[in-house]
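Please open the model in your viewer and keep the sequence panel beside it, so that each selection can be followed in both.

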Amino acid sequence: MRIRIAEQIDAYNRQPFQKRDGSRLSVFTAEEKPLMQPLPAAPFEISTWSYKRKVNKNAHLVWAKNFYSVPFGHIGGSVDLRVTDTMLEVYRNDERLTSHLLLPAITTNQYQTNDADLPEGRSWQAWDRVRIDDWAARMGPATVTVIGKIFEAASIEEAGYDPALAVVRLSRRFSPTRVEAACELALRGPIRSPRYAHLRPILDTGQDKTGNVPDRSEADGGGYVRGSAYYAGGTR
């Protein structure tokens with residue numbers, strides 16, 4: 001059947017035109033064939049674009065529950081992703097920053113890291129649980145407990161990095177002793193898992209210095225109510 005169809009198509013293409021010279025085959029041979037180019041070496045792939053993806057502090061971004069590295073100079077910035085069945089490419093504007101083989105769909109919480117995306121030497125390390133716990137331990141046991149509660153509440157470990165770092169980085173604005181006191185005070189309060197939004201008001205109002213535990217939280221659970229001492233006028 002296929003042979004017969006091919007014969008009929010060939011005969012059809014050789015049939016002379018009725019209103020001009022030549023045939024379909026002669027026009028193809030003389031005009032179209034010289035313009036043809038070889039097919040690309042790599043087959044065409046359908047791609048999906050995802051825009052404005054944030055690069056995390058560990059120089060990785062999240063795609064399909066896995067983590068892919070981005071050149072560390074783009075930490076905190078936004079990039080665009082072009083994803084095919086086999087590849088993930090990272091772009092900023094029209095510049096391709098890096099690319100990765102796509103991890104299998106069945107994997108979760110795995111890292112794909114290009115060494116070239118990270119700076120040379122040991123002076124820089126991606127943030128991980130060990131580094132965060134070490135920093136917390138230098139401040140004290142209450143801070144360690146707060147960090148532990150943050151990670152316990154996170155669906156995956158990486159989801160706890162940002163809120164945990166927000167807590168330990170309070171020591172850049174306040175002394176480690178004050179941050180430890182604030183954590184200790186917050187753990188005695190009504191919040192099950194204190195975070196930055198609960199600790200910062202304690203430090204701003206000096207409650208860590210007085211040791212007074214707030215007896216109620218804000219309506220949205222976002223922090224502690226400022227005590228009367230904050231307004232310097234006592235109870236009115």
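**Before selecting anything**

This is a predicted model, in which local features need pLDDT of at least 70 and side-chain atom pairs count only at pLDDT 80 or more, while totals for chains, interfaces and linings use all residues. Residues are numbered from 1 along each chain as its sequence is written, and side-chain values use heavy atoms, with hydrogens and water left out.

**The whole protein**

Colour by secondary structure to find eight helices and seven strands; helices (H or I, at least four residues) and strands (E, at least two) are DSSP runs, numbered from the N terminus. Of the 236 residues, 34% are buried, where buried means under 20% relative accessible area, exposed over 50% and partly exposed in between, with a 1.4 Å probe and protein chains only. Among contacts with a separation of 6 or more, 51% come from residues 24 or more positions apart, a contact being heavy atoms within 4.5 Å.

**The four-stranded sheet**

Select β1, β4, β5 and β6, which form an open antiparallel sheet in the order β1-β4-β5-β6; two strands pair if DSSP finds at least two bridges between them. Because β1 (48-54) and β6 are at the edges with a single partner strand each, one side of each has no neighbour in the sheet. From one strand to the next, the twist averages 25 degrees, with axes fitted to C-alpha atoms, for helices over the stretch in contact, and angles running from 0 to 180 degrees between N-to-C directions. β1 is joined to β4 (residues 78-83) by five bridges, and Thr48 can be found opposite Val83 of β4.

Next, select residues 87-92 and 95-101, the antiparallel strands β5 and β6, which are linked by six bridges. Arg92 faces Glu95 of β6, and in this hairpin, which has two residues between its strands, Asn93 takes a positive phi near 60 degrees.

**The three-stranded sheet**

Move to the open sheet with the order β2-β3-β7, whose pairing is mixed. Its edge strands are β2 (60-63) and β7 (111-112), each of which pairs on one side only. Four bridges hold β2 and β3 (residues 66-69) in an antiparallel pair, and Trp63 has Asn66 of β3 as its bridge partner.

Then draw a distance from its C-alpha atom to that of Ala64, 40 residues apart along the chain, which gives 9.7 Å.

**The helices**

Show α4 (residues 141-153) and α6 (residues 176-187), whose axes come within 7 Å and cross at roughly 60 degrees. The contact is made by residues including Pro141, Val146 and Lys149 of α4, and Val179, Cys183 and Leu187 of α6.

Finally, select α7 (residues 196-205), which is largely enclosed by the rest of the structure because seven of its ten residues are buried. These buried residues are His198, Leu199, Arg200, Pro201, Ile202, Leu203 and Thr205, and they pack against α4, α5 (161-168), α6 and α8 (207-210). Just after α7, the last stop is Gly206, with a positive phi of about 75 degrees.
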